[in-house]
Amino acid sequence: MLSAQSVNIWEFADYVVSKPTPSDSKTWDWSPAIQAACDFCNSTFPARPLAISTLCRIATPIVINRPIDGDSVRDTFTIIGTDGGGFIVDSAIAMFTSTIAPVMSGSPLQPMSVAQTIRFKGLVLTSTDPSLNAFILDGNKFLRVWLESCDISKIKFAFTTSYLQSIYFVGCNIRLWEGVFIQATGGSYDVRVIAGTLAEHGEDFLYLISSTSDKEVTGCSVNESCIEGLSGVAIRYAHARGMSVTYCYFEGNEQPDIIANDFPGTVNKGITHSGNLHACTSANKLNVNFYPVVWGPTSGGMSMGNTSDHNMNEVRSDTQVVCFDHAAGEMLSNDSRSRPGDIMYGTVSPQVNNTSYGSRVWKPGSIVLNNSGAKNITGWWTPDGTLWYPFGPVDDGSFWRFPDSTGADHFRVATVDGASLETSMYVRYSNGVSQVIARVT
C-alpha cells in the first residue's frame, strides 16, 4: 500500500544543504531534494507520483529524463501540489530540463524533443521577479506535458526557436508575466489552452510561428478560456493549419486579441474562430482602424458567431475567409476588411436598399440572388463592394430581358409578341419610352 502512494518531498528533505533560515523551509534550496525525488519516482515503472507540500525554492534546473522510446511511453509522471506546494525561482533559469542528447530533424534542422509524459497538477509555479528570464520548461525538450489547475505567476512557460509539441494547459490561472509566455518560432504541434484557463495582467501570451520551417503550426487551439488585461497580443500564429480559437473571452487587451499576419508570405490553412467575445479597451474603441482580429493570408478560414463591441475582422484582399459575426463598428470597414458571405439571397439590389441586408459592408465579387419569385431580375453582383449590377438576360416566359443598373429593361426580345406571334426587339430610350426596332413574323 505504501509503495502505491505518492512520494512526499519531505521524505527527501535530508538532501537539502543550503538552509539560510533553518526554521523556514521556503528559504531553503530544495534543488537536490527535488532532483533526488524525481530520480526515485522515475526509477520504476509505473512512475511514482511526487507530492509537493511546501513552496520549494530551486536554484538549479531539475533534470527529468523520460526517454520517448522508453517505459515512459506507457505512463505519466505526475507532480502534485498540496497545501500551496510548488516551485519558486529567483534567478533566470528553467525549472525543468533534460540531459538526453537531441536528434536533429527537419528543414532547417531542429532538435527533437527528448523526454515526455509529465503532468504538473495543482502546483504553484512562480518567481520572485517577473523581469527575470525564467521559464517552467527548458525550450522544446519535453512533449506530452499537462499543466492542470496550476497557479502560474511572474514566470514564462517556454521559449524555443525550434518547435513545441503536445503541451496542454487545463484550468490554469496564469498572470503577471513579462515578455511572451509561450513562444515557439519553429512551428508547433498540438499546443492547447483549454477548459477554463485564465491568463491576465501579462504581456504577450501565445506566440506560435513558423515562417520557413517544414514544421508548421499544426492542430493548435485556444478554447473556452479567458485572456484579458494584457499589454501585448493575446494570440499570434503564422504558417498554421487546423488552428482554432473558440468560445473564448477577450477583454481589455491593449493590442489585438489575435494576429495572424506576421509573415505575409506564408498561408494559414483551415482556420476557425468561433463563439468568441472581444471587448475592446476604451482607447481602442476610439480608433476606427483598430481591429481585435487581424487575419493574414488564409485558405479556408471561418469566423462564425463572434461578437465585438467595436470592429471585428481586418481581412486582407488575398484572404479567403467566410465571416458571419456581429461587430458594433463594422460599418467603418473598407472593402479589404470585409466579412459577409459571398452569396446571399434578397429581393432588392444592395445599392438601392442596403438596409435590407443589415447595412453590411460587402466583399468584392459578392452576389445577391433574387428569391422574390419575380423573374425580371435574377440577381445582382458587385465587382468592388459598392457598385451593383443586375445579371441576365432573364427569360420570364414572354420576354428575354436585359435589365440596366436600375432594374428596368434596357433591351428585350419578345418571342411571341401579340396576336401575330411575332418576334420583336425593343429598346428603351433615355426618356423611358420603349420602342420596337425590329419584327420578324
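## Exercises on salt bridges, a cavity and a surface patch

In this predicted model, Arg236 and Asp262 make a salt bridge, with their closest N and O atoms 2.7 Å apart.

**Exercise 1.** Where in the chain do Arg236 and Asp262 lie, and is Arg236 buried or exposed?

*Solution.* Let's begin with the positions. Arg236 sits in strand β25 (residues 235-238), while Asp262 is in the loop between β29 (258-259) and β30. The two are 26 residues apart, and the pair links distant parts of the chain. Next, compare accessibility with the cut-off: buried means under 20%. Arg236 has 18% relative accessibility, so Arg236 counts as buried. Asp262, at 29%, counts as partly exposed.

**Exercise 2.** Which parts of the chain does the salt bridge between Lys269 and Glu216 tie together?

*Solution.* First, find the contact: the closest N and O atoms of Lys269 and Glu216 are 2.9 Å apart. Lys269 belongs to strand β30 (residues 268-274) and Glu216 to the loop between β21 (204-209) and β22 (217-218), so the bridge ties together parts 53 residues apart in sequence.

**Exercise 3.** Which residues line the largest cavity, and how do they divide by type?

*Solution.* Start with the space itself, about 40 Å³. Then list the lining: Asn253, Gln255, Asp257, Ala279, Cys280, Asn284, Phe290 and Pro292. Sorting them gives four nonpolar, three polar and one charged.

**Exercise 4.** Which residues form a nonpolar patch on the surface?

*Solution.* They are Trp381, Leu387 and Tyr389, with about 270 Å² of accessible area together. To place one of them, note that Tyr389 is in strand β39 (residues 389-391).

Definitions and conventions. Residues numbered from 1 in each chain as written. Predicted model: local features only at pLDDT ≥ 70, side-chain atom pairs only at ≥ 80, totals over all residues. Heavy atoms only, no water. Patch = residues over 30% accessible without salt bridge, like charges linked within 9 Å, V, L, I, M, F, W, Y side chains within 5 Å. Areas by Shrake-Rupley, 256 points an atom, 1.4 Å probe, with all protein chains shown as cover. Salt bridge = Lys/Arg side-chain N within 4 Å of Asp/Glu carboxyl O. Helix = DSSP H or I, 4+ residues; strand = E, 2+ residues; numbered from the N terminus. 1 Å grid on protein atoms, 1.4 Å probe; cavity = no way out; pocket = protein on both sides within 12 Å on 5 of 7 lines; lining within 4 Å. Points joined across faces, edges and corners; volume = space filled by probe spheres on them. Nonpolar A, V, L, I, M, F, W, Y, C, P; charged D, E, K, R; others polar. Buried < 20%, exposed > 50% of the residue type's maximum accessible area, 1.4 Å probe, protein only.
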